[in-house]
Amino acid sequence: MRSPRRRLIAGLLLAPVLSGCFASNDDGSSSDSAGSGEGGRLRVALAFQPTENYSPYGGQDAFILSRLGVSEGLTRLDANGTAAPALAESWSSEQDGRSWVFTLRDATFQDGSEVTAKAVASALTHAAAADPAPTALSGVKLTAEAVGDDRVKVGTGQADPVLPLRLTNPSLAVFAPKAYGKDGKVNPLGTATGPFELTRTTGDTAAALDRYGDYWGGRAQVSGIDARFVSDGTARANALRTGDVDIAEGLPVAQVASLDKNTVHEVNTARNTSLYLNTQQGVFKDAGLRAAAREAIDTSAVAKGVYEGHAEPARGIYGPALTWAAGKRTEPTGRTKATDPDGEAITIATYNDRPELAETAQVLQQQLQKAGFTVKLEVRTYARLESDLLAKKFDAAVVSRNMMLDTGDPVTVLAGDFACDGSYNLSFLCDKDVDQLVEKARAEADPGKRQDAAMKAEAAILGTDAVIPLVHLKVVTGLGTSVKGALLDPYERQFVGTGTRR
């Protein structure tokens, strides 16, 4: 077993304001001078604050760890949306797809202990027992057991042809045994397996990461990352403009024209902005009023007026980045006739970490008020909104969602977002016809037939008017002109890797 290396913690971000926050390290040295050339540190501004103290279960913290190169699972999602090796070198199915055996590569955790089959099985067992369950496991009863020292058998009860894709989800990342607490939380500091080790956090405002020298995939080209979580999109853009950060996530479209064009990088994604209607309680429990809301909304006004050409009117749950969807789409089925809103009062919630969402909500407010609704808006940061959002405290929510983020499988997102037991079901939809179609789609092993089945389920979901897709998005990332090797991932799971440098 290799001994863990001890590294100095550098570039800690303690100031609460963004301007100048990357100016110095704890030892008084300039992070700017340390950041140039081989081995320097990267300065990154991310849009979303951690909500679960970096535990990968519950909120979006798992994706923060993945984007920063801290954590990884048995498999990863490649650019084509297929499962590729990560901690597992290879895998094969058994028992007609009801279980899979994964052969591990030689790797170590960041605490120096070996990645063993027992440790991996324990990590997956913890993930399966998490409450709420990771969205990738919606409707799946996952089990894991060690088979010798270097193989792990993962079962799902019934055949699951996309299990290798499912295991790419960052919430199913593998951590060292000491990471798991009795409270069900995970402490990722120094316990993951990625090229960068999370060494220190400053609440939900900043984090410091050091290069993990024994990473199985090779030595990172920078010595570490100084990350700050900045919910204000204009502040992220200004930090890029002034050179205070090297990489800025999720630039507001309103800022693009004022930035150096060589720093702006746009990527087509499977991300949508949609209006989710609460079907369980309140005004939109009435299907006729959901239909009235749908008929009142002009999505082209959102695409042109809010996103300024960096989005297009939505045609469904699956956007143009998924090229197979257009030729398979069918018309929504079972829609209810719209009824008169007659002044019904609704509250629409959204978050300002993505600045276009608040503006989108304002456009919808105007359109729905014109149709006869009385509309109030509730705008917060996502970290302050998520718990109330999942507790059914609003009539509707404007949310940006990458539909392939969870697994890269078009069916899994339907199970997580629209099935009765879905763990991120923001519409709280529970429709037996939808559930049956989703279950049928999940059973399909052939990729083409699986896509066909997903589109039939999409038609049924849209027919309930539980969700109103607004626009399909392009994501704009800011990169300093000296930055090389940043990962512009259409699935938004990776941001930096071993080759990212400045």
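This is a predicted model: local features need pLDDT of at least 70, side-chain atom pairs count only at pLDDT 80 or more; totals for chains, interfaces and linings use all residues.

**Entry 1: salt bridges**

How many salt bridges does the count come to? I got 20 salt bridges. As a reminder to myself, side chains of opposite charge can pair when their charged atoms come close.

I looked up aspartate 246 first, and found a salt bridge to arginine 502, with the closest N and O atoms 2.9 Å apart. Aspartate 246 sits in the loop between α5 (233-242) and β11 (247-248), and arginine 502 is in the segment after β17, so this pair ties together parts that are 256 residues apart in sequence. Are these two partners buried or exposed? Both aspartate 246 and arginine 502 are buried.

Next I went to glutamate 458, which forms a salt bridge with arginine 329; here the closest N and O atoms are 3.3 Å apart. Glutamate 458 belongs to helix α13 (residues 447-463), while arginine 329 is in the loop between β13 (311-313) and β14, so the pair ties together parts 129 residues apart in sequence. I noted 0% relative accessibility for glutamate 458, so it counts as buried.

Which residues are linked with Glu378 in a network of salt bridges? I found Arg380, Asp388 and Lys393 in that network. Within it, I checked the pair of arginine 380 and glutamate 378, whose side chains meet at 3.0 Å, N to O. Arginine 380 counts as buried at 14% relative accessibility, whereas glutamate 378 is partly exposed at 22%.

Asp388 took me on to α10, where Tyr382, Leu385, Glu386, Asp388 and Leu389 are buried. I also asked what covers them, and the list includes β14 (345-351), β15 (374-380) and β16.

I then went looking for exceptions.

Just after α10, lysine 392 takes a positive phi of about 65 degrees. Lysine 392 is in the loop between α10 (382-390) and β16 (396-402), and at 29% relative accessibility it counts as partly exposed.

Glutamate 492 also has a positive phi, near 60 degrees. I placed glutamate 492 in the segment after β17 (467-479), and its 9% relative accessibility makes it buried.

Which peptide bond is cis? I noted the one from aspartate 131 to proline 132, with omega near 5 degrees. Proline 132 lies in the loop between α3 (117-129) and β6 (143-147).

**Entry 2: nonpolar cores**

How many residues does the largest nonpolar core have? I read 72 residues, and those with the most contacts inside it are Leu275, Phe284, Tyr318, Leu368, Phe373 and Leu414. α13 gives the most to this core, with 7 residues.

Leaving aside its neighbours within four places in sequence, phenylalanine 373 is in contact with Val283, Phe284, Leu289, Ala292, Ala293, Pro341, Glu344, Ile346 and Leu368. I then found a second, separate core of 58 residues, which includes Ala117, Val140, Val154 and Val483.

**Entry 3: threonine 477**

I looked up threonine 477 in strand β17. At 7% relative accessibility, threonine 477 counts as buried. Not counting residues up to four places away in sequence, threonine 477 touches Ile247, Ala248, Leu251, Thr263, Val264, His265, Leu488 and Phe495.

**Entry 4: α12 against α13**

My last stop was a helix pair. The axes of helix α12 (residues 432-442) and α13 come within 8 Å and cross at roughly 170 degrees. Angles over 145 degrees count as roughly antiparallel, and α12 and α13 are therefore roughly antiparallel to each other.

Which residues meet at the contact of α12 with α13? From α12, I listed Val434, Leu437, Val438, Ala441 and Arg442. Their counterparts in α13 are Arg450, Ala453, Ala454, Lys456, Ala457, Ala460 and Ile461. I sorted the residues of this contact into 9 nonpolar, no polar and 3 charged.

Terms used: Residues are numbered from 1 along each chain as its sequence is written. Side-chain values use heavy atoms; hydrogens and water are left out. Helices (H or I, at least four residues) and strands (E, at least two) are DSSP runs, numbered from the N terminus. Buried means under 20% relative accessible area, exposed over 50%, partly exposed in between (1.4 Å probe, protein chains only). Contact means heavy atoms within 4.5 Å. A salt bridge is a side-chain nitrogen of Lys or Arg within 4 Å of a carboxyl oxygen of Asp or Glu. A nonpolar core is a set of buried Ala, Val, Leu, Ile, Met, Phe, Trp, Tyr and Cys residues joined through side-chain atoms within 4.5 Å. Axes are lines fitted to C-alpha atoms, for helices over the stretch in contact, and angles run from 0 to 180 degrees between N-to-C directions. Angles under 35 degrees count as roughly parallel, over 145 as roughly antiparallel, 65 to 115 as roughly perpendicular and the rest as oblique. Ala, Val, Leu, Ile, Met, Phe, Trp, Tyr, Cys and Pro count as nonpolar, Asp, Glu, Lys and Arg as charged, and the others, Gly among them, as polar.
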